[in-house]
Amino acid sequence: MKKLSLLSLALASTLSLTSHLSVASQTTATTQQAKAAHSVFQSKKALAKNIAKNLKQLQPTLQQQLSAYSLAVSADKLVPKDAQSEFDLQQHNAQIRSLKGLPEQGDNLLQLRLAHRNMLNDWQQGEPALVAFAPKGDDKHWDVVEAYDQQGRLHLLDAYTLPDTPVFIVELDAKKTLTEGLAIMRSVLASTQQPTLQSKYSIQDEQPLSTTVLKQIRLNDDEEPWISGAAEVYAIVTGVSPSRDEPVLDIIDMPYLDHDGENYYPNQVLIHWNRYRWQAADILLMEQDDNTNYKTLASKLLEVATAVLRAIPNPDAQGYAIIPQLTNEILQAMPDAWFTNDDDYVDVYYTLREGQTYRNYAGASNNARVTLEPLTIDPR
């Protein structure tokens, strides 16, 4: 009874500590998110106005770049590079990169995309087009989308009804942004997470790898606004190191998962079990959007998870029950903005076990269904 009481007190201290950490983390991150959201929104708005006014001159370039199989073109092919341009693309790109925790010098992230391939023929035949950009805030609360015509006049389009007229959308290149962002997150996590004992084995000591493979996944059809485009989803696998009392966070890109309401069969390895204690791990599914600073996100994930473990005197006394605590504290530490139209929380899977099969398995929020199967990979 005394041992149980001490453990209960330890858990209470853990919750108190991580609660304070979550509040402080949310306050700072929410402020950063608001600044980033405003800046990215203003950049897209300014570029949309600039392109709309010059759409006639840009038409030959767009005609050459666009097809039914490629509806997007990088903004650096559309905006003059001279410093006297009404829209200084390099300056805006550097600012966006800085806000997202990416190197300021790098590929352009802004692009122009035709909203739907069915609009391509009408536009090519000379029908005037509008240039739009996504509103700020929670996409579930959007009513209208702002768009400019070639005379610079503002039009308000229904957020949930695809327009009859051709519409170009100014946005961030989500695939390029996510690829760079996840690389930054992995770099931040790798700089603080030491290799596990298993990863130190020499090739002569190699044992078969125990993994869990994602065979099928489907996201619910959530009727997102037409301007949002394809999703860019990634997974965060959370657990505890087998060799020490430290969290392990792995970032998994899911570049094939473009649309909700469709089944995907990736056959992708999600969990390498030699990296996790107690044969258990959680999976968080997240969707990339415009305003997250990836360096800050990775640091906060690690900060919160580490605080939880360090506040527990003997993690082995709780076993794999600790892992949902880690995941829940990570979720609580995220600012409210990350549950709206920023890096959206999609779903979470708690306490997945090594060697288990999960068929058409719903996440805790019922936003995703997956089929997971164990796979043993033999060494060469």
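## Salt bridges, a buried serine and a helix

Visitor: How many salt bridges does the count come to here?
Guide: The count comes to 10 salt bridges, taking a salt bridge as a side-chain nitrogen of Lys or Arg within 4 Å of a carboxyl oxygen of Asp or Glu. Bear in mind that this is a predicted model, where local features need pLDDT of at least 70, side-chain atom pairs count only at pLDDT 80 or more, and totals for chains, interfaces and linings use all residues. Residues are numbered from 1 along each chain as its sequence is written, and side-chain values use heavy atoms, with hydrogens and water left out.

Visitor: Why would such side chains pair at all?
Guide: Side chains of opposite charge can pair when their charged atoms come close.

Visitor: OK, which residue forms a salt bridge with E180?
Guide: R97 does, and the closest N and O atoms are 2.7 Å apart. That pair links distant parts of the chain, with E180 in helix α5 (residues 174-192) and R97 in helix α3 (residues 89-99), 83 residues apart. Helices here are DSSP runs of H or I with at least four residues, strands are runs of E with at least two, and both are numbered from the N terminus.

Visitor: And is R97 buried or exposed?
Guide: R97 is buried, because its relative accessible area is 1%. E180 has 22%, so that one is partly exposed. The cut-offs: buried means under 20% relative accessible area, exposed over 50%, and partly exposed in between (1.4 Å probe, protein chains only).

Visitor: What about D258, where's its partner?
Guide: D258 forms a salt bridge with K175, the closest N and O atoms being 3.5 Å apart. K175 is in helix α5, while D258 sits in the loop between β9 (247-254) and β10 (263-264), 83 residues apart. K175 is partly exposed because its relative accessibility is 41%.

Visitor: Which residues are linked with K175 in a network?
Guide: E232 and D258 are linked with K175 in a network of salt bridges.

Visitor: Switching topic: what does the side chain of S43 make a polar contact with?
Guide: The side chain of H92, at 2.7 Å. A polar contact is a pair of N or O atoms within 3.5 Å; within protein, one must be able to donate a hydrogen and the other to accept it, and residues adjacent in sequence count only if both atoms are side-chain atoms. S43 is found in helix α1 (residues 2-53), and is buried, with a relative accessible area of 1%.

Visitor: Which other residues is S43 in contact with?
Guide: Leaving aside neighbours within four places in sequence, S43 is in contact with F87 and I96, as well as H92. Contact means heavy atoms within 4.5 Å.

Visitor: Now α6, how many of its residues are buried?
Guide: Helix α6 is mostly covered, with 12 of its 17 residues buried. Among them are Y294, L297, L301 and V308. At the start of α6, a side-chain oxygen of N293 reaches to within 3.1 Å of the backbone nitrogen of K295.
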